[in-house]
Amino acid sequence: MPKIRVGGLNFHYWQTGEGPELVLVHGLGGNLAGWHLTMVPELQRDYRITTYDLRGHGRSDAPPGGYTTGDMADDLRALMDALRIEQAAVVGHSWGADIALHFALAHPDRVSQLALIEGALLAPLADQYRREDWEGWPYVTTTLEHLVGAPIPSDKLHDLEYLLKLLLEIPIMYGPAKGRARDEEVVLRVLEVLTPMWNGGRLDGDLTVESLARIHHPTLLIYEANSVFLAAYRALRDGLPQCTSALLPGGKLKHFTGLEHPELILEHLRAFLESERVRPVLEGR
């Protein structure tokens, strides 16, 4: 369980493989283990992989504050400094994709390529997600009803706090901890981080829809066709100057496509990373 002290905090991380540097950033409420279930065993054959737990997640320290994507981007820069990673391709899932974007915006020289899997743009698009006609509400509520075995009261169908706390009644569904009870502290921390963004009270500084035009790194977008975050997909597709995208077949898990379609993600990710590595060589001939 390797840890490294960065900025006064201990970060749990893991490195494996050989080749070009590739950093994987998990999403809100997750941890580095999610990458190791399906992605790392394949990618480590060709890349030096770094995964880590965000502050307040997994086995990393949990300070009382510092939970914007800007804070997380600074953590990533400091972590790369400590691990002597000068530049890397950065892959992020969900809120981890938001962090990757903020990192590229704040530290453009540290990023070679970006791959964003189901990026959410939680803070920049919070006003859309709060609306009762957000396309994600039916998926969230019907999934929770199925898992808890009971209907959700009509006055709670758009109540973020109520719906998140329902997760405590559902055991972990994937990975080595499958079947275990969820950690209440983790669920409450997700609520603590998400609520200010959701309510429009915590913006992530420079990361706005308008700022996407300043991110010139080659970027791959990977979304499911029935994703609950297609608004973010459209904003990224239209706003990023060097962007290619892959829409995967719609699946049951929607947002957690890495668990349902890992082979498709790996296919698109490998092709993208390899094409961008080869391009500068070809252009220099």
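Tutor: In helix α8 (residues 184–198), V187, R189, V190, L191, V193, L194, M197 and W198 are the buried residues, where buried means under 20% relative accessible area, with exposed over 50% and partly exposed in between (1.4 Å probe, protein chains only). Helices (H or I, at least four residues) and strands (E, at least two) are DSSP runs, numbered from the N terminus. A word on the source: this is a predicted model, in which local features need pLDDT of at least 70 and side-chain atom pairs count only at pLDDT 80 or more, while totals for chains, interfaces and linings use all residues. Residues are numbered from 1 along each chain as its sequence is written, and side-chain values use heavy atoms, leaving out hydrogens and water.

The length of α8 agrees with expectation, because its 15 residues at 1.5 Å a residue should span 21 Å and its end C-alpha atoms are 20 Å apart; the expected span is 1.5 Å times one less than the number of residues. Just after α8, G200 has a positive phi of about 80°.

The buried residues of α8 pack against α4, α5 (126–129), α6 (136–148) and α7 (160–166), contact meaning heavy atoms within 4.5 Å.

Let us follow α4 from here. Its axis and that of helix α3 (residues 69–82) come within 8 Å and cross at roughly 70°; axes are lines fitted to C-alpha atoms, for helices over the stretch in contact, and angles run from 0 to 180 degrees between N-to-C directions. The two helices are therefore roughly perpendicular, a label for 65 to 115 degrees, with under 35 roughly parallel, over 145 roughly antiparallel and the rest oblique. On the α3 side, T69, G70, M72, A73, L76, R77 and M80 meet W95, D98, I99, H102 and F103 of α4. This contact has 7 nonpolar, 3 polar and 2 charged residues, with Ala, Val, Leu, Ile, Met, Phe, Trp, Tyr, Cys and Pro counted as nonpolar, Asp, Glu, Lys and Arg as charged, and the others, Gly among them, as polar.

Now to the sheet. Its 8 strands form an open, mixed sheet in the order β1-β2-β4-β3-β5-β6-β7-β8, two strands being paired if DSSP finds at least two bridges between them. Strands β6 (residues 111–117) and β7 (residues 219–224) run parallel, joined by 4 bridges, and I117 stands opposite I222 in β7. Helix α4 (residues 95–106) packs on this sheet, touching β3 (21–25), β5 (88–93) and β6, with its direction at about 155° to that of β6.
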